[in-house]
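Colleague: I am new to this structure, and I would like to go through it slowly, asking at each step what a word rests on.
Modeller: Then let us look at it together and begin with a single residue.

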Amino acid sequence: MGVYHTLTWGQSEGFKILIIDVLDSYSTLVSKAELMGLDPSLLNSVDVIKIGGVKKRGNVLAHIGEISEPTILSRKFKEVYAPIISNPNQKILVVVVGMEKLFVVSDISPRGVQLIVDQLAGYVGKPNRLGIYLLKKNILPPSKEFIIKLLEDIATTVIRTSKSGKLTEFHIVKSLNRELEDVLIRV
């Protein structure tokens with residue numbers, strides 16, 4: 001399970017770990033990890049900011065219940081998130097799961113989408129922060145696929161994953177390191 005290994009790696013590298021759990025996506029991942037026989041102690045001990053949803057997994061620092069109005073969501077998220085990443089001496093690994101659900105279940109206008117993307121763009125380039133956004137783009141209806149393009153535009157690296165038989169393929173389609181672009185890894 002990719003999230004489990006990412007968090008284990010982050011912990012071994014000295015990162016403080018923060019999960020942004022959109023609409024109970026993290027809870028589902030933890031349940032799947034338990035079913036796979038993975039040790040859930042790390043998964044249940046990391047800090048979590050919940051956006052919507054009701055299932056609590058990890059050390060929930062805040063729960064933002066209002067997700068239908070992007071301005072309110074953005075303000076409340078910033079109030080919670082900014083202090084967590086403010087220490088320049090603390091390396092922090094931020095893993096966002098389920099963001100695509102936010103765009104599917106709420107009727108966010110293009111202006112609201114831009115507000116959220118602009119807020120995310122403000123965190124790009126912080127030297128103490130590594131942000132990983134795990135998105136299932138096939139969940140978005142065709143009318144909202146532009147959101148993926150906006151998110152990819154602000155990302156420093158974009159990796160697409162796919163299954164090929166028993167192998168998982170990681171295709172780096174965008175990277176600030178030009179030598180990594182178009183690299184395909186099969187595991």
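Modeller: Aspartate 182 lies in the loop between S7 and S8, and as this is a predicted model, whatever we say about this residue is computed from the model.

Colleague: Why is aspartate 182 called exposed?
Modeller: The relative accessibility of aspartate 182 is 61%, and exposed means over 50%, so aspartate 182 counts as exposed.

Colleague: What is the phi of aspartate 182?
Modeller: Aspartate 182 has a phi of about 75°, a positive value, although the residue is not a glycine. Aspartate 24, which is found in the loop between S1 and H2, also has a positive phi, near 65°, and is likewise a residue other than glycine.

Colleague: Is aspartate 24 buried or exposed, and what makes it so?
Modeller: Because the relative accessibility of aspartate 24 is 12% and buried means under 20%, aspartate 24 counts as buried. Its side chain also takes part in a network of salt bridges that links Asp21, Asp24 and Lys50.

Colleague: How many salt bridges does the whole structure have, and what makes a pair such as glutamate 181 and arginine 178 one of them?
Modeller: A search of the whole structure finds 8. For glutamate 181 and arginine 178, the N to O distance is 2.6 Å, and the rule asks for a side-chain nitrogen of Lys or Arg within 4 Å of a carboxyl oxygen of Asp or Glu, so the pair is a salt bridge. In this pair, arginine 178 is exposed, with a relative accessible area of 62%, whereas glutamate 181, at 27%, counts as partly exposed.

Colleague: Why are glutamate 79 and arginine 75 said to be separated by about one helical turn?
Modeller: Because they are 4 residues apart in helix H4, the separation is about one helical turn.

Colleague: Which parts of the chain does the salt bridge between arginine 57 and glutamate 34 link?
Modeller: The closest N and O atoms of arginine 57 and glutamate 34 are 3.3 Å apart. Glutamate 34 has a relative accessibility of 35%, so it counts as partly exposed.

Colleague: Why is glycine 98 called buried?
Modeller: Glycine 98, in the loop between S4 and H5, has a relative accessible area of 4%, and since buried means under 20%, glycine 98 is therefore called buried. The C-alpha atom of glycine 98 is separated by 6.5 Å from that of leucine 135, although the two residues are 37 apart along the chain.

Colleague: How many cavities of 30 Å³ or more does the structure hold, and what lines the largest cavity?
Modeller: The structure holds 1 such cavity, and the volume of the largest cavity is about 210 Å³. Its lining has 17 residues, with Ile51, Phe77, Met99, Ile116 and Leu120 nearest the centre, and it divides into 14 nonpolar, 2 polar and 1 charged. Helix H4 gives the most to this lining, with 4 residues.

Colleague: What is the volume of the largest pocket, by comparison?
Modeller: The largest pocket has a volume of about 2,000 Å³. It is lined by 49 residues, among which Ile132, Tyr133, Leu134, Leu135 and Ile159 are the closest to its centre. The lining of the largest pocket divides into 24 nonpolar, 15 polar and 10 charged residues.

Colleague: Which residues make the nonpolar surface patch, and how do you know that valine 187 is exposed?
Modeller: Ile159, Phe170, Ile185 and Val187 make this patch of about 350 Å². Valine 187, in the segment after strand S8 (184–186), has a relative accessible area of 60%, and because exposed means over 50%, valine 187 is called exposed.

How values were computed
Residues numbered from 1 in each chain as written. Predicted model: local features only at pLDDT ≥ 70, side-chain atom pairs only at ≥ 80, totals over all residues. Heavy atoms only, no water. Patch = residues over 30% accessible without salt bridge, like charges linked within 9 Å, V, L, I, M, F, W, Y side chains within 5 Å. Areas by Shrake-Rupley, 256 points an atom, 1.4 Å probe, with all protein chains shown as cover. Helix = DSSP H or I, 4+ residues; strand = E, 2+ residues; numbered from the N terminus. Buried < 20%, exposed > 50% of the residue type's maximum accessible area, 1.4 Å probe, protein only. 1 Å grid on protein atoms, 1.4 Å probe; cavity = no way out; pocket = protein on both sides within 12 Å on 5 of 7 lines; lining within 4 Å. Points joined across faces, edges and corners; volume = space filled by probe spheres on them. Nonpolar A, V, L, I, M, F, W, Y, C, P; charged D, E, K, R; others polar.
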